[in-house]
Amino acid sequence: MKNILFVSSEAVPFIKTGGLADVAGSLPKAFNKNEFDVRVIIPKYRIIPDHFKQQMQYRTHFYMDLGWQNQYVGILEMQLDGVTFYFVDNEHYFSGDQAYEGGLWDLEKFAFFSKAALSCLPAIGFHPDIIHCHDWQTGLVPVYLKNVFNNNDFYWNIKTIMTIHNLKFQGTWDPKTIMGMTGLPDYLFTPDKLEAYKDANYLKGGIVYADYVTTVSDTYAQEIQMPFYGERLDGLMRARNNCLMGIVNGIDYDEWNPETDPMIPYHYNAITFRKEKYKDKCALQEELGLEVNADKFMIGLVSRLTDQKGLDLVDYVMDQICADDVQFVVLGTGEAKYENMFRYFAWKYPGRVSANIFYSNERSHKIYAACDAFLMPSLFEPCGLSQLMSLRYGTVPIVRETGGLKDTVEPYNEYESTGTGFSFANYNAHEMLNTINYAKHVFYNNKREWHKIIDRGMAQDFSWNNSARRYEDLYRML
């Protein structure tokens, strides 16, 4: 039996702010239980729903040094879907109103969490062969393991993997403050270890000290070795490229299933979508106050409304996108300029544009099911999950060829009748517009081909099982 410990700052269904939670919560269920015992440790946030807290069992507690402080560490445990979850309890750090509060406080909080996750292992009687760390919040785990815990033979043969979900977020502050706060020795704060551009950098420490580095798609693993995507760590990524690989995330095929989804009014599958999918479309049109017309080309966009998502391109050609024969539905929150932009176009084109400037899981399911096409023109996208959901629901993705979008959406080729979506290469508004118009042309003038694109898309398998097989290979190799 190989023991694996996931260390993560969030995991579904306990706490979620982004795709990281899906990986930490859903992936462990997909491993072969006869060969791998995969457990997960996360902070016990005050905001975890009460019905989960009531199921947690007290395991142990102790006190631990963190820099100049001595802090309480409680460990609770519960089982969910056959996976053991541990929770690190400390009211001082985890009683806030949200998981991430920003600034130095988060750096101290996750330094505490990283050290506690290692310190508790002998007490809970779990000896991992591999500790699998996720994002900057756990970057100090490999650092502590190799530099502080290395005098205890319990920890000698543990290997570490660092998974980068988004290189943009690194966890940085001035070295002197971090040194005092974490209790790490000063020799670690040099440019070949934790220091980057005169700051201490948690993620860099994790990348330097981990035995292996993964990220969430093959293309993103290549991209982050270049200056444009490398967020100033491209040199380090090139230096480590002999132990760097990309493994695409999956989605939960039980939750995202148009045949059984309780949040959509009409159900369909890969065989019946021609007769049923349009009913979801008409239902959504009615719900949102759009013109009810099954033949209108309907584009969906569910996203954080930020620069990263390519919304400046949309802004530039939105008038042309909202031609007479198109409906556009957007769901999400983010930067005020984009929230207001979509509100403006919804006001300008009533019956054609619907701006839902909030987040609703239920509404997102309805949009994936109802729309004909789904737009993701991202500037960069480490993996992306929305395109996987839209493929699953027979909604044709229109994406920019970057990161996970390039790896999961095969561009349509009318001459060979292949492909599962439409894509464009350059970060250019008119190139995006041309691609949308091309998709619209196929939708209106060649329904048979359009249905074949949907057939191929719905036949894809982006469940967690695929990702789990690749991680299993990596674990065996290590």
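A disulfide here is a pair of cysteine sulfur atoms within 2.5 Å. Cys-243 is in no disulfide either; its nearest cysteine sulfur, in Cys-133, is 14 Å away. Over the whole structure, the search finds zero disulfides.

A word on the basis. This is a predicted model, with local features needing pLDDT of at least 70 and side-chain atom pairs counting only at pLDDT 80 or more, while totals for chains, interfaces and linings use all residues. Residues are numbered from 1 along each chain as its sequence is written, and side-chain values use heavy atoms, with hydrogens and water left out.

Back to the cysteines. Are they buried or exposed? Cys-120 is buried, at a relative accessible area of 0%. Cys-243 is buried too, at 10%. Buried means under 20% relative accessible area, exposed over 50%, and partly exposed in between, with a 1.4 Å probe and protein chains only.

Now the helices. Two packed helices are described by the angle between their axes and the distance between the axes. Axes are lines fitted to C-alpha atoms, for helices over the stretch in contact, and angles run from 0 to 180 degrees between N-to-C directions. Helices (H or I, at least four residues) and strands (E, at least two) are DSSP runs, numbered from the N terminus.

Start with H4, residues 103-119, and H6, residues 140-147. Their axes come within 9 Å and cross at roughly 50°. That makes H4 oblique to H6. The cut-offs: under 35 degrees is roughly parallel, over 145 roughly antiparallel, 65 to 115 roughly perpendicular, and the rest oblique. The crossing is right-handed. Left-handed means the near helix is turned anticlockwise from the far one by less than a right angle; right-handed means clockwise.

Which residues of H4 and H6 make the contact? From H4, Ala-111, Ser-114, Lys-115 and Leu-118; from H6, Leu-140, Val-141, Tyr-144 and Leu-145. Contact means heavy atoms within 4.5 Å. By class, that is six nonpolar, one polar and one charged. Ala, Val, Leu, Ile, Met, Phe, Trp, Tyr, Cys and Pro count as nonpolar, Asp, Glu, Lys and Arg as charged, and the others, Gly among them, as polar.

H6 also packs with H8, residues 202-209: the axes come within 7 Å and cross at roughly 55°. H6 and H8 are therefore oblique to each other. This crossing is left-handed. Leu-140, Pro-142, Val-143, Lys-146 and Asn-147 of H6 meet Tyr-202, Gly-205, Gly-206 and Tyr-209 of H8.

Next, H12, residues 273-288, and H15, residues 361-370. The angle is about 130°, with the axes 8 Å apart. H12 is thus oblique to H15. The crossing is left-handed. On the H12 side are Lys-277, Asp-280, Lys-281, Leu-284, Glu-287 and Leu-288; on the H15 side, Arg-363, Lys-366, Ile-367, Tyr-368, Ala-369 and Ala-370. That contact has six nonpolar, no polar and six charged residues.

Lys-279 lies in H12 and is partly exposed, at 26%. Its C-alpha is 55 Å from that of Leu-194, 85 residues apart along the chain. Asn-257 sits in the loop between strand E12 (244-246) and H12. Asn-257 counts as buried, at 15% relative accessibility. Leaving aside neighbours within four places in sequence, Asn-257 is in contact with Arg-392 and Tyr-393.
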